[in-house]
Amino acid sequence: MLSTSRSLAHIVLSCSLFLQLTAAFQSVLSSSHFHTTNKFLERTALSSSATDAEDFIAKNFPTCSNLLSRNNEVMKKINKAEEGFTIFAPNEAAFKALGDKKNSQMEDVRNEEMVEKIAAYHCITEPVTADQLFNSGGVITLGGEVPAERSVSGGFLGVGGREDGGVTLNGSKVVNTFEFVDDKTCIVHEMDGLINPTILWRYADQLRIPGST
């Protein structure tokens with residue numbers, strides 16, 4: 001009888017310890033630290049979406065984001081791209097280097113068509129990686145063709161320099177590349193300058209680019 005009582009006592013004690021451990025574990029699960037970790041993992045997963053690629057541009061390249069938003073047709077094509085897209089995003093220093101005059105011209109309502117064209121030159125409706133750029137002779141953007149060349153460092157007046165492993169588009173260098181991969185592959189290339197043809201600036205302060213429709 002004493003043996004049976006001791007056995008029951010052990011069972012009760014074991015159950016009590018189990019319940020205490022379960023409660024403690026649930027408390028850890030509901031702690032703010034654990035939820036913060038979960039939210040971080042959730043954000044990491046979501047960062048591969050096309051929407052987050054656009055949010056990334058808005059946060060890190062606000063002037064470029066504003067430029068792209070000025071061309072509704074380009075944004076529609078980007079959003080409808082089945083495989084993904086590529087954005088050549090000039091950084092803030094690139095826009096500052098344009099100078100006050102060109103930046104003012106980009107805000108002038110007379111130059112909306114020019115601005116839309118500039119925006120189009122910075123978008124492709126398919127993913128193009130840094131390696132593909134490096135091995136290409138150019139790319140076809142929504143605005144038109146843009147020449148690509150391997151960047152060179154050193155030398156004097158363009159002579160004696162050596163390839164440095166980078167690539168330029170219409171003279172502007174790819175500074176960094178960010179990829180967002182999920183059901184689509186969305187690639188953002190940070191640029192140290194705009195990649196549109198410089199001839200577009202000749203049509204600033206005109207109501208329409210000659211020959212356009």
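First, my cut-offs: I call a residue buried under 20% relative accessible area, exposed over 50%, and partly exposed in between (1.4 Å probe, protein chains only). This is a predicted model, so I keep local features to pLDDT of at least 70 and side-chain atom pairs to pLDDT 80 or more, while totals for chains, interfaces and linings use all residues. Residues are numbered from 1 along each chain as its sequence is written, and side-chain values use heavy atoms, with hydrogens and water left out.

**Salt bridges**

I counted a salt bridge when a side-chain nitrogen of Lys or Arg sits within 4 Å of a carboxyl oxygen of Asp or Glu. The search of the whole structure gave five.

I looked at Glu 107 and Arg 70, whose side chains meet at 4.0 Å, N to O. Glu 107 belongs to helix H7 (residues 100-107) and Arg 70 to the loop between helix H4 (62-69) and helix H5 (72-80), so this pair ties together parts 37 residues apart in sequence. My helices (H or I, at least four residues) and strands (E, at least two) are DSSP runs, numbered from the N terminus. Buried or exposed, Glu 107? Glu 107 is exposed at 53% relative accessible area, whereas Arg 70 is buried at 16%.

Next I checked Glu 73 and Lys 76, with their closest N and O atoms 3.8 Å apart. Both lie in helix H5, three residues apart, about one turn of the helix. Glu 73 is partly exposed at 48%, and Lys 76 is partly exposed at 45%.

Then came Arg 110 with Asp 108, closest N and O atoms 2.8 Å apart. I also noted that salt bridges with shared partners join Arg 70, Glu 107 and Glu 112 into one network.

**Strand E7**

I moved on to strand E7 (residues 185-191): six of its seven residues are buried, so the rest of the structure largely encloses it. I take two strands as paired if DSSP finds at least two bridges between them. E7 pairs with strand E1 (residues 84-90) in the parallel sense over seven bridges, and Ile 87 has Val 188 as its bridge partner in E7. Strand E6 (residues 172-181) runs antiparallel to E7, also with seven bridges. E6 and E7 make a hairpin with three residues between them.

**Core**

My nonpolar core is a set of buried Ala, Val, Leu, Ile, Met, Phe, Trp, Tyr and Cys residues joined through side-chain atoms within 4.5 Å. Of the 41 residues in the largest one, Ile 87, Phe 88, Leu 133 and Leu 169 touch the most other members. Helix H8 (residues 112-120) gives the most to this core, with five residues.
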